[in-house]
Amino acid sequence: MRILVWGLGYVGTVSAGCLADLGNEVIGVEPHHPKVKAINHGLCAIKEPGLQELVRATVESSHFRATTDGLNLIPQSDISLICVGTPNGANGRPRLDAIENVSRDIGRGLRHISHYHVVVIRSTVFPGTSRHLVRSILEEQSGKKAGEDFGLVMNPEFLREGSAVNDFHTPSYTIIGELDKHSGELVDRLYQKINAPLKHVTLEEAELLKITNNAFHALKVGFGNEIGRLCDHLRIDSHRLMELVCEDSKLNISPAYLRPGFAFGGSCLPKDLRFITYNARRLGIEVPILDAILYSNDLQVTLARLKLQEIGFKNVGVLGLSFKPGTDDLRESPIIRLIQDLWQDGFNVLVYDPDVNPTEMLGSNLAYLSRQLPQINDILCDSFEQMLTQCEVVVISQKRPGVLEAIQKFGQRLVILDLVRMTDHPERLMFKEYRGMSW
Ligand SMILES: NC(=O)c1ccc[n+]([C@@H]2O[C@H](COP(=O)([O-])OP(=O)(O)OC[C@H]3O[C@@H](n4cnc5c(N)ncnc54)[C@H](O)[C@@H]3O)[C@@H](O)[C@H]2O)c1
């Protein structure tokens, strides 16, 4: 394929060199003269294992060259990869001037061509940037329509500096965020020789995935370091400890606990977090990430309360009282706090939880329930159907089989506040639905 790579920094040079090495005809477009000169002499200004050799070989074989003027090359090329920088401005705001400038150049270049050229954003941008900013500049400058006259794709780069060439050839996956199917299929061809799954997603999903992955990496580093600080004070070997943490691929290094949903609760997570944060304070160690977790968790409950206020119906039925199905352990169940908040707001609340029966409960669990919800016997329903007959809004706080079918069978128009993403196919449901916590 004939590829223009706009911006010959880390991402652009690695992408250009690797794509040229795969047999494509690549031209790098870069306003910085010395970089262009260096590339055309087979040299690259970036220190990256294997890249210098790659650049020299691909320049020598005429698969790769650089220029300061890309606009006139668009008629002879199939794809433009935008790899310009998106640094932070003074208050953390992304500076998009390079993206805007390059989009203007490409847009002007698209004006006089008749073939379908695909514009691919490799730079890291916030969701909406590709669809709104880049697309509108391209359409305005070209007088053409994205998805019809030219393609638009967001294809984030996941390379790590220091192993970038290797990462290009062995990614975990290739993400193709596409405005339209045709654009995505053309970009697939770039990666035919890369042995990794191609994932087709929306432009916004691709944009957010890149940032989410990096935020997750940063969170892991920060978390590891906070545990490390604690270990130092307690004279525990932090690496030995974290090796054991990482060895648990069932609950720790796994998809477990990573699906957005309702707040966590139960007798262990909140309590043990407080163990750490209290003792860290006592030892004079700062653990701001760990400190923030319970605050963030409380916000999930507050958001559910605000959502119910916004929905406005006063008769609320809650499915699930304990923090997860299959247990009657109610300690620190976040749904109990939600019910208390709703009472304060004047809601009428009913509850159904097949695992909770106060007549069978004993000890601290019963004491907790009686203290937190003294009216439990008045609000607990014998069946889900009984609860449905008396409410206008159903709050689903536990994933239980048959729940949606029961609501559908019930036939009445009910608003669902789905806190646990039961409703995966909203188009099949006949009632208005609020999904998860993502309002
Ligand atoms: N560096 C990384 O490891 C990495 C990894 C993944 C994603 N990213 C993202 O990729 C993007 C590029 O990062 P980078 O580190 O390669 O940036 P960089 O600053 O090293 O390179 C950007 C290049 O774009 C050039 N440029 C500026 N305006 C231009 C224009 N109008 N036309 C053509 N070229 C222009 C600059 O002169 C520079 O050479 C950023 O959004 C970054 O967040 C970076």
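Val-11, Gly-12, Thr-13, Val-14, Ser-15, Ala-16, Gly-17, Cys-18, Leu-19, Ala-20 and Asp-21 are the buried residues of helix H1. Here a residue counts as buried if 20 or more other C-beta atoms lie within 10 Å of its own, as exposed if 12 or fewer do, and as partly exposed in between, with C-beta atoms placed from the backbone. Before we go on, please note that this is a predicted model, in which local features need pLDDT of at least 70, side-chain atom pairs count only at pLDDT 80 or more, and totals for chains, interfaces and linings use all residues. Residues are numbered from 1 along each chain as its sequence is written.

Let us stay with H1 for a moment. Of its 12 residues, 11 are buried, so the helix is mostly covered. Helices (H or I, at least four residues) and strands (E, at least two) are DSSP runs, numbered from the N terminus. From the first C-alpha to the last, H1 reaches 16 Å, close to the 16 Å expected at 1.5 Å a residue; the expected span is 1.5 Å times one less than the number of residues. What do the buried residues of H1 pack against? Their partners are strand E1 (2–6), strand E2 (25–29), helix H3 (51–60), strand E3 (64–67), strand E4 and helix H6 (164–169). Contact here means that the C-beta atoms of two residues, placed from the backbone, lie within 7 Å. Just after H1, Gly-23 takes a positive phi of about 105°.

H1 also takes us to the ligand. Helix H1 (10–21) and helix H4 (97–110) each supply at least two residues of the shell around the ligand. In total, 24 residues surround the ligand, and the closest are Gly-7, Gly-9, Val-11, Gly-85 and Ser-123. A residue is near a molecule or strand if its C-beta atom, placed from the backbone, lies within 6 Å of it. Val-11, one of the closest residues, is also one of the buried residues of H1. The shell divides into 11 nonpolar, nine polar and four charged residues. In this count Ala, Val, Leu, Ile, Met, Phe, Trp, Tyr, Cys and Pro are nonpolar, Asp, Glu, Lys and Arg are charged, and the others, Gly among them, are polar.

Now follow the chain from H4 into the strands. From E4 (residues 79–82) the chain crosses through H4 to E5, and this β-α-β crossover is right-handed. That term means that, with the strands pointing away from the viewer, the path from the first strand over the helix to the second runs clockwise. Strands E4 and E5 run parallel and are joined by four bridges; two strands pair if DSSP finds at least two bridges between them. Ile-82 stands opposite Ile-121 in E5.

Strand E5 (residues 117–121) is mostly covered, with five of its five residues buried. In a regular strand the side chains alternate between the two faces of the sheet. On one side of E5 are His-117, Val-119 and Ile-121, on the other Val-118 and Val-120, and all are buried.

On to E6. E5, helix H5 (residues 129–142) and E6 make a right-handed β-α-β unit, and E5 pairs with strand E6 (residues 150–154) in the parallel sense over five bridges. In E6, Leu-152 is the bridge partner of Val-119, and Met-154 is that of Ile-121. Why is E6 largely enclosed by the rest of the structure? Five of its five residues are buried. Phe-150, Leu-152 and Met-154 point one way from E6, and Gly-151 and Val-153 the other way. Strand E7 (residues 174–178) runs antiparallel to E6, with two bridges joining them, and Glu-178 in E7 is the bridge partner of Val-153.

Two loop residues deserve a look too. Most residues other than glycine have a negative phi, and most peptide bonds are trans. Ser-62, in the loop between H3 and E3, has a positive phi of about 65° although it is not a glycine. Ser-62 counts as exposed because it has 9 C-beta neighbours inside 10 Å. Tyr-257 also has a positive phi, of about 70°, and lies in the loop between helix H9 (238–247) and helix H10 (269–283). With 10 C-beta neighbours inside 10 Å, Tyr-257 counts as exposed.

Finally, step back to the whole protein. The protein has 16 helices and 13 strands, and 33% of its 439 residues count as buried.
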